[in-house]
Amino acid sequence: MADDAAAWRDQRSEAAAAHAAELERRRAAESAQARAMIARFVAEARERGVAPVPLRARSYDGQSRYRTPLKGWYLRRNESVAVGTDGEFYVLTVPGSLRALLTGATPEPSDPPLVLGKGARDGESIDLADALAIALGTASR
């Protein structure tokens, strides 16, 4: 009986590891596709003369806004995500701090998704392609 239970546990562990590996592979493929879209967007924005703006980050609680050293284009109306002129994708929420109020904040680049806000409770998800088109001015909100 103990051997059966151990075999079952091993089988479940292997299945869980395979599932996790497949999810990671899909996430990496999605991110690579999104990075290519962002690279095309940055090139086209420069070509069309769509000026980047100084990007600001918001504290997690939404109470404070902080300067950042970044310039780029916001992708959501609430200015929570953006593409920097460096071609990176940024989630513009940071921990609140007095230091950030004085010196600014420096958000780290994130892996871009193909759907912004996917799974969020606010119901405002948007395809990355649509958000990029809006930022270029080739589509309306």
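Biologist: How far apart are the end C-alpha atoms of helix 1, and what span should its 47 residues have?
Modeller: This is a predicted model. Helix 1 covers residues 2-48, and at 1.5 Å a residue its 47 residues should span 69 Å. The distance between its end C-alpha atoms agrees with that, at 68 Å.

Biologist: Which residue just after helix 1 takes a positive phi?
Modeller: The helix runs over residues 2-48. Just after helix 1 the phi is positive, about 80°, and the residue is glycine 49.

Biologist: Which residues of helix 1 are buried, and what covers them?
Modeller: The buried residues are Ser31, Ala34, Met37, Ile38, Phe41, Val42 and Ala45. An α-helix has 3.6 residues a turn, so residues three or four places apart point the same way. The cover over the buried residues of helix 1 includes strand 2 (65-74), strand 3 (81-84), strand 4 (89-91) and helix 3 (128-136).

Biologist: How many aromatic pairs does a search of the whole structure find, and what is the geometry?
Modeller: The search of the whole structure gives 1 aromatic pair. Phenylalanine 41 and tryptophan 73 form this pair, with 5.3 Å centre to centre and 90° between the planes. Phenylalanine 41 is in helix 1 and tryptophan 73 in strand 2, 32 residues apart. With planes over 60 degrees apart counting as edge-to-face, the pair at 90° is edge-to-face.

Biologist: Is tryptophan 73 buried or exposed?
Modeller: Buried means under 20% relative accessible area. Tryptophan 73 has a relative accessible area of 5%, so tryptophan 73 is buried.

Biologist: Which backbone atoms does the side chain of threonine 68 reach?
Modeller: Threonine 68 sits in strand 2 and, at 13% relative accessibility, counts as buried. Beyond its neighbours within four places in sequence, its contacts are Leu55, Arg56, Ala57, Ala105 and Pro107. A polar atom of its side chain lies 2.5 Å from the backbone oxygen of leucine 55, and the side chain reaches the backbone nitrogen of leucine 70 at 3.2 Å.

Biologist: Which element gives the largest share of the largest nonpolar core?
Modeller: Of the 17 residues in that core, Phe41, Leu75, Val83, Leu116, Leu128 and Leu132 touch the most other members. Helix 1, strand 3 and helix 3 each supply at least two residues. The largest share is 6 residues, and it comes from helix 1.

How values were computed:
Residues are numbered from 1 along each chain as its sequence is written. This is a predicted model: local features need pLDDT of at least 70, side-chain atom pairs count only at pLDDT 80 or more; totals for chains, interfaces and linings use all residues. Side-chain values use heavy atoms; hydrogens and water are left out. Helices (H or I, at least four residues) and strands (E, at least two) are DSSP runs, numbered from the N terminus. The expected span of a helix is 1.5 Å times one less than its number of residues. Buried means under 20% relative accessible area, exposed over 50%, partly exposed in between (1.4 Å probe, protein chains only). Contact means heavy atoms within 4.5 Å. Rings of Phe, Tyr and Trp (its six-membered ring) pair if their centres lie within 6.5 Å; planes under 30 degrees apart count as stacked, over 60 as edge-to-face and the rest as tilted. A polar contact is a pair of N or O atoms within 3.5 Å; within protein, one must be able to donate a hydrogen and the other to accept it, and residues adjacent in sequence count only if both atoms are side-chain atoms. A nonpolar core is a set of buried Ala, Val, Leu, Ile, Met, Phe, Trp, Tyr and Cys residues joined through side-chain atoms within 4.5 Å.
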